[in-house]
Amino acid sequence: MALDQSFVGRSYPPTDPYEVGREKIREFAEAVGDANPAYTDTETAKALGHPDVIAPPTFVFAITFKAAGQVIEDPQLGLDYSRVVHGDQKFAYSRPVRAGDRLTVSSTIEGIKSLAGNDILDIRGEVHDEAGEHVVTAWIKLVARAAESPAEEA
């Protein structure tokens with residue numbers, strides 16, 4: 001069953017603050033194989049004009065995807081998460097994420113469409129710091145694969 005188009009534009013409340021830690025940034029940079037010293041060395045980050053180490057650009061995926069869980073788990077939307085695959089991700093930054101940031105995410109459904117029986121859900125996550133300043137906007141595209149027909153299951 002196709003997702004309800006009336007959900008386009010629906011926003012969800014901001015998440016609880018997530019405190020960005022130096023160790024989390026270091027672990028993430030190592031996991032993605034990015035040796036940029038601005039991610040691990042405070043002095044290098046300061047020499048580049050940052051108050052502390054900064055995070056790799058895709059670091060916020062973890063908190064924006066978790067925030068998108070409010071959308072995914074909305075019983076009224078009726079998304080079958082067992083059929084969902086991650087379709088796309090993009091970010092637009094106002095400034096880098098820094099160690100010590102306390103970030104909140106507000107999610108909004110930007111689009112719902114059906115294509116070849118698959119539901120495509122676009123979610124925008126607005127990330128703000130403790131002062132309410134915009135840090136980054138993240139877009140997540142989820143694809144709920146069409147259910148297999150009984151003939152295909154056999």
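This report describes the sheet, the nonpolar cores and several side-chain arrangements of one predicted model.

The sheet is open and consists of five strands in the order E1-E3-E4-E5-E2, with antiparallel pairing. Its edges are formed by strand E1 (18-19) and strand E2 (84-93), each of which pairs on one side only. Between E1 and E3 the antiparallel pairing extends over two bridges, and Tyr 18 has Leu 103 in E3 as its bridge partner. Helix H3 packs on this sheet, where it touches E1, E2, E3, strand E4 (118-128) and E5, and the direction of H3 makes about 55° with that of E3.

The largest nonpolar core holds 19 residues, of which Val 20, Ile 25, Phe 59, Val 97, Leu 103, Val 127 and Val 135 touch the most other members. At least two residues of this core come from each of helix H1 (22-31), helix H3 (61-72), strand E3 (102-115) and strand E5 (134-144). When residues up to four places away in sequence are not counted, Val 20 touches Ile 25, Phe 59, Val 97, Arg 98, Ala 99, Gly 100, Asp 101 and Leu 103. Another core, of 16 residues, lies apart from the largest one and has Ala 68, Val 71, Ile 123 and Ile 140 among its members.

A search of the whole structure finds three aromatic pairs. Phe 28 and Phe 59 form an edge-to-face pair, because their ring centres are 5.6 Å apart and their planes stand at 85°, over the 60 degrees that this class requires. Since Phe 28 lies in helix H1 and Phe 59 in the loop between H2 and H3, the pair ties together parts that are 31 residues apart in sequence. Phe 91 and Tyr 93 form a tilted pair, with 6.3 Å from centre to centre and 40° between the planes.

| Residue | Relative accessible area | Class |
|---|---|---|
| Phe 28 | 23% | partly exposed |
| Phe 59 | 6% | buried |
| Phe 91 | 24% | partly exposed |
| Tyr 93 | 31% | partly exposed |
| Asp 41 | 32% | partly exposed |

Asp 41 is placed in the loop between H1 and helix H2 (42-47). The C-alpha atoms of Asp 41 and Arg 26 are 9.2 Å apart in space, while the two residues are 15 residues apart in sequence. Elsewhere, Lys 90 lies over the face of Trp 139, at 5.2 Å from the ring centre.

Conventions
Residues are numbered from 1 along each chain as its sequence is written. This is a predicted model: local features need pLDDT of at least 70, side-chain atom pairs count only at pLDDT 80 or more; totals for chains, interfaces and linings use all residues. Side-chain values use heavy atoms; hydrogens and water are left out. A nonpolar core is a set of buried Ala, Val, Leu, Ile, Met, Phe, Trp, Tyr and Cys residues joined through side-chain atoms within 4.5 Å. Buried means under 20% relative accessible area, exposed over 50%, partly exposed in between (1.4 Å probe, protein chains only). Helices (H or I, at least four residues) and strands (E, at least two) are DSSP runs, numbered from the N terminus. Contact means heavy atoms within 4.5 Å. Two strands pair if DSSP finds at least two bridges between them. Axes are lines fitted to C-alpha atoms, for helices over the stretch in contact, and angles run from 0 to 180 degrees between N-to-C directions. Rings of Phe, Tyr and Trp (its six-membered ring) pair if their centres lie within 6.5 Å; planes under 30 degrees apart count as stacked, over 60 as edge-to-face and the rest as tilted. A charge sits over a ring if NZ of Lys or CZ of Arg is within 6 Å of the ring centre and within 35 degrees of the ring normal.
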